[in-house]
Amino acid sequence: MVVAFKVTGWEQGGWAVLHVSGELDLVTSPVLRQKVHDEVAEGRHSLVLDLSEVYFCDSSGVGVLIASRRLIRSCRGRLRLILPARGAAEDSHVNRVLGALGVRRLFDVYGDLAAAVDDGTEPLSA
């Protein structure tokens, strides 16, 4: 079975949004890393990574998320992640992996795109 990995991007409400689907692993994580770097190089420092359709994430995927956080912070930007609103309760693999590694608290996580691009909405608790 061939699994499609896809990253699509657009701007919404002053945020650059990258919607990621498929498996985020050793093979695909460099693609996401490059997309994040491209957004920053274009001057977009408010970034939402929509991971709601990522159903597998390994350590290299987590590494890209942490590196993206570091890059955005170095530009005094903002990074937000979208995971299903109930996280692990809805079997969000990414949420479980981030929690198991103890790095979930490093990220501002939102349940959907509308909440992520709304500056008045608080992130979900870790």
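## Helix H2

Helix H2 covers residues 59-74, and its 16 residues should span 22 Å at 1.5 Å a residue; the end C-alpha atoms lie 22 Å apart, in agreement. The expected span is 1.5 Å times one less than the number of residues. Helices here are DSSP runs (H or I, at least four residues), as are strands (E, at least two), numbered from the N terminus.

A word on the model: it is predicted, so local features need pLDDT of at least 70 and side-chain atom pairs pLDDT 80 or more, while totals for chains, interfaces and linings use all residues. Residues are numbered from 1 along each chain as its sequence is written, and side-chain values use heavy atoms, leaving out hydrogens and water.

## What H2 packs against

Ser60, Gly61, Val62, Val64, Leu65, Ser68, Leu71 and Ile72 of H2 are buried (under 20% relative accessible area with a 1.4 Å probe, protein chains only; exposed is over 50%, partly exposed in between). These buried residues pack against strands E2 (15-24), E3 (46-57) and E4 (78-82), and against helices H1 (29-41) and H3 (93-100); contact means heavy atoms within 4.5 Å.

Just after H2, arginine 76 has a positive phi of about 60°.

Cysteine 57 is buried at 4% relative accessibility, whereas cysteine 75 is partly exposed at 27%. The structure has zero disulfides, a disulfide being a pair of cysteine sulfur atoms within 2.5 Å.

## Lining residues of H1 and H2

Which helices each supply at least two residues of the lining of the largest cavity? They are H1 and H2, and H2 gives the most, with four residues.
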